[in-house]
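Subject: Structure handover

Hello,

Here is the structure for your files, with the sequence alongside. My notes on what was found follow below.

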Amino acid sequence: MMLHIQSVQSFAFPTHVHHFPHERQRRTRTRQNLVDSTFKRQQTASLLRSFAFPKPTESNIKAQTKSDSSTKEEQQNTTQQASFFGFPNEVASPLALVLLSQFILFIGVGAVIPSIPLYGKVLGLSNKLNGIVISAPAVASLLASKMAGEFADQARKPAMLIGMAVIIASDIGTALANSLFTLTLARLGLGLGRIVSESGERGLLADLAKSAPELRGRALAAQQAVMALGIAVGAPAGGLVVEQYGPRASFLCVSAAACVAFVLYQCLPETVVAVARVEHTHHNTSTQEDKWTILLQENKWKGLALCQIGASSGFAAKIASIPILAADALPGGAIGAGALLSAAGLVGLIGAPIGGWLTDQTSAKSTAILSGVVSATGLLLIPFALQSSSNSMLLLSFGDPDASSISMLGQDMSSSAAAFTIVVLLWSIGAAAQGPALTAFAQELAPAGIEATAMALPRACGDGTYIVAPFLLGFVSDLKSSVAGTDCAAAGVMGLLGVLALVLLGGNDERDDKQASNE
């Protein structure tokens, strides 16, 4: 019985599975079929990918490269066609608006120029008191330049608008002034408004120049040329206004021009990024220390400041010395002097583009040095041009010792008068070329975050020179009263010393530094 049960269990629940030969063959064929089908699917997928994404051949690579390059050229051509005189679109629009605004504003400024010395006489002021009134804007600009720069570094547009509003109010106050106190107060307000507005403008142009640094000189030259053209247009118009309505009316004209500029400034974008701006680590070491003191610890800023003082000495001679010499030397007296100053302003339309072009092609520092030598040479030659006819003939007769006069600008002048005119125009061309170069050099040196404050430093040096230089030039003229033009020669010496300071302290050019770092 027990044996029977075990037999049944072993039959019902076998402990060993017996695989027959045909079963093993079937399973082997099944596995092989699965492998074959998987391989075929992989081949099919690979074939489809080769059709969809063919392997790049050398000819295909060349064709694709040519297509990409042509596309880039088309995009560049489109960008250049849409740009303004080579400036990128994001720079061209605000730059054109600034130039238009300043052209209109300086038409008004030109209208005021003939009225400034006359207005004091209308109020019965002496020459000394009139000199105080004339120098009042420069005093206010000097005292407020650092504050204005720091304010403009917070935001460009508010500084431009607030400064222009103060200019409008000050010129209206000048037109309505009836005493020395009210007139001086109005002129001090003009200097304050001018420095605040100009600080914003300089900061805005510095921001725009960062987008196209290779065109920095061209932009600054365009600004200077526009201002000179505005003055050239406004000065004759101002003379007509003064003749018809009196000197007070000309200040109302500049107020109207400033109102137009104020409206146009409203359309400008704000170029200061509304985030914490990164400053030079050198300038973060002591936030309480005066920023100008920190800047002047660098030799480049020392050289720039001294060069600006030398350049401003020449402009001081233009205001204080050249008109007097021209009235004595040129036919027509005061009329001839006025014509020479107008011509000097117009040739600035030649010098400014030259300076801007040289700045872009070479460097700001080298252009400032070259143009500074030219302008200083013009001032140094003034006493030689005026000294005697024989010396003047060396400049103009070209070997004709019998010449005694020369025709210039439709007037018969003595040879000394013609030589004087030429050297003054030579100074004007050099000075106009040096202006954009010095401003461009200041933009290159200005640390990020304090551009307006930094660029106000050379401007303050210029304002201080305008205050002091006329007295120093007058002192030199009195010492050598027998030789006409020594005061202009002294201004030329100051210009050469400024150029020498820039050469010795200015360091390497920015482009030389970049080339050295790349190497």
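Lys 146 and Glu 150 form a salt bridge through their side chains, with N and O 2.5 Å apart. This is a predicted model. Both residues belong to helix α6 (residues 127–154) and sit four residues apart, about one turn of the helix. Lys 146 is partly exposed, at a relative accessible area of 23%, and Glu 150 is partly exposed as well, at 27%.

A search of the whole structure gives ten salt bridges. Another of them pairs the side chains of Asp 171 and Arg 187, at 3.7 Å from N to O. Asp 171 is in helix α7 (residues 156–176) and Arg 187 in helix α8 (residues 180–211), so this pair ties together parts 16 residues apart in sequence. Both Asp 171 and Arg 187 are buried.

Arg 216 and Glu 444 also form a salt bridge, their closest N and O atoms being 3.7 Å apart. This pair links distant parts of the chain, 228 residues apart: Arg 216 lies in helix α9 (residues 216–245) and Glu 444 in helix α18 (residues 415–445). Arg 216 is buried because its relative accessible area is 10%, under the 20% cut-off. Glu 444, at 22%, counts as partly exposed.

On the chain as a whole: the secondary structure consists of 21 helices and two strands. Of the 519 residues, 42% are buried. Among contacts between residues at least 6 apart in sequence, 82% join residues at least 24 apart. The accessible surface is about 27600 Å², and carbon and sulfur atoms account for 65% of that surface.

The largest nonpolar core contains 50 residues, and Met 164, Leu 268, Trp 301 and Leu 304 have the most contacts inside it. Helix α4 (residues 89–112) supplies the largest share of this core, seven residues. Leaving aside residues up to four places away in sequence, Leu 268 touches Pro 94, Leu 97, Val 98, Lys 157, Met 160 and Leu 204. There is a second, separate core of 27 residues, which includes Val 347, Phe 420, Cys 488 and Ala 491.

Leu 497 is located in helix α20 (residues 486–505) and counts as partly exposed, at 49% relative accessibility.

Regards

Terms used. Residues are numbered from 1 along each chain as its sequence is written. This is a predicted model: local features need pLDDT of at least 70, side-chain atom pairs count only at pLDDT 80 or more; totals for chains, interfaces and linings use all residues. Side-chain values use heavy atoms; hydrogens and water are left out. Buried means under 20% relative accessible area, exposed over 50%, partly exposed in between (1.4 Å probe, protein chains only). Contact means heavy atoms within 4.5 Å. Accessible areas come from the Shrake-Rupley method with a 1.4 Å probe; for residues, only the protein chains shown count as cover. A nonpolar core is a set of buried Ala, Val, Leu, Ile, Met, Phe, Trp, Tyr and Cys residues joined through side-chain atoms within 4.5 Å. A salt bridge is a side-chain nitrogen of Lys or Arg within 4 Å of a carboxyl oxygen of Asp or Glu.
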